[in-house]
Amino acid sequence: MKPASFDYIRPGSRAEILAALAAHGDDGKILAGGQSLVAAMNFRLARPEVLIDINGTKDLDYLQPSGDSLAIGALTRHAAFHKPVVDGPLGLLLAKVVRNIAHYPIRQRGTFTGSLAHADPASEWCLVATTLDAEMLIVNADGERRCRAGDFFKGTFTTAVGAQDLLTEVRLPLLDDGWRSGFYEFSRRAGDFALAMSLAALKLENGCITEARLGVGGVADRAIRLHALENELAGKAPSRELFEDVAASAKAAIKPSEDIHASADYRRDLIRTVVLRALTEAAA
């Protein structure tokens, strides 16, 4: 299939992008990497009347530490994370996760913030943002606002980004050297969408978990941060028994989605497996 006809705009600045969004509203669609949008247009699942290509706005392409966070601009490609982009645990974690995203050619064009704005429940970056409580910077012609990941994701393909908004930046907290991370994803073939995945980050001091971040993705309409299980991990020494108990609790706590790829019961078992393996890797 081929897309329905559309007008094409290539703004050269943020101001021009915001003006185009204000002018076209629901009829306009942002094009950054286009790895999801163009496919949807080809199948005519998406029919924007105006395509607003932001690739000419080079000041949206950046990765830079800022205070206690890593700022990621709207044109930062997945491929930028193939090597650690910042020293310490966060850079290693992002380099670990990125290799699970689709295939190498897609990672050359797809963008980090585009993945969040698309809000696919099986998106690895959505899981990272949710588990680490990322901060989003959303702008429009009237100003800007900041939004935490817990309030940003509303459901499948639905976020706090409105028709006239642009997600310009995402900030992830820098993790100090006490943190360790683990990530595990299950998909039927390399590059396929995840049927379940988990991200675990543990801060260890003197052999004890002092803080924990734990999330699961690919099993519901959005990534899920397991706050209660983070509290269960805190204050305890890492062990196989502890991690098995937490994984079993995760399995019991989540009511997974069901589709042609996996039944709810199958995903429920996967939840236990991916959580256990992510925690085990984080403590290794």
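Two strands are said to pair if DSSP finds at least two bridges between them. Strands (E, at least two residues) and helices (H or I, at least four) are DSSP runs, numbered from the N terminus.

This is a predicted model, in which local features need pLDDT of at least 70 and side-chain atom pairs count only at pLDDT 80 or more, while totals for chains, interfaces and linings use all residues. Residues are numbered from 1 along each chain as its sequence is written, and side-chain values use heavy atoms, with hydrogens and water left out.

**Overall form**

The protein has 10 helices and 14 strands. Its radius of gyration is 19 Å, close to the 19 Å that the globule rule gives for 284 residues, so the protein is as compact as a globular protein of that length. That radius is taken over C-alpha atoms, and the rule is 2.2 Å times the number of residues to the power 0.38. The C-alpha trace spans about 60 × 45 × 30 Å along its principal axes.

Of the 284 residues, 50% are buried; buried means under 20% relative accessible area, exposed over 50%, and partly exposed in between (1.4 Å probe, protein chains only). The accessible surface is about 13100 Å², with 49% belonging to carbon and sulfur atoms; areas come from the Shrake-Rupley method with a 1.4 Å probe. Among contacts (heavy atoms within 4.5 Å) between residues at least 6 apart in sequence, 61% join residues at least 24 apart.

**Strand pairing**

Strand 10 (residues 166–173) has 7 of its 8 residues buried, so it is largely enclosed by the rest of the structure. Strand 10 pairs with strand 5 and with strand 6.

| Strand pair | Sense | Bridges |
|---|---|---|
| Strand 5 (residues 69–73) and strand 10 | antiparallel | 5 bridges |
| Strand 6 (residues 135–140) and strand 10 | antiparallel | 5 bridges |

Individual partners can be named for each pair. Ser 69 stands opposite Pro 173 in strand 10, and Leu 137 has Glu 169 of strand 10 as its bridge partner. In strand 13, Glu 211 is the bridge partner of Lys 203.

**Pro 65**

Pro 65 lies in strand 4 (residues 63–66) and is exposed, with a relative accessible area of 52%. Leaving aside residues up to four places away in sequence, Pro 65 touches Leu 70, Val 86 and Leu 174. Pro 65 and Arg 171 are 106 residues apart in sequence, and their C-alpha atoms are 9.1 Å apart in space.

**Positive phi in two loops**

Most residues other than glycine have a negative phi. Ala 119, although not a glycine, has a positive phi of about 60 degrees. Ala 119 is placed in the loop between helix 5 (112–118) and helix 6 (124–131), and is buried at 3% relative accessible area.

Asp 133 also has a positive phi, near 60 degrees. The loop holding Asp 133 runs between helix 6 and strand 6. Asp 133 counts as partly exposed, at 28% relative accessibility.
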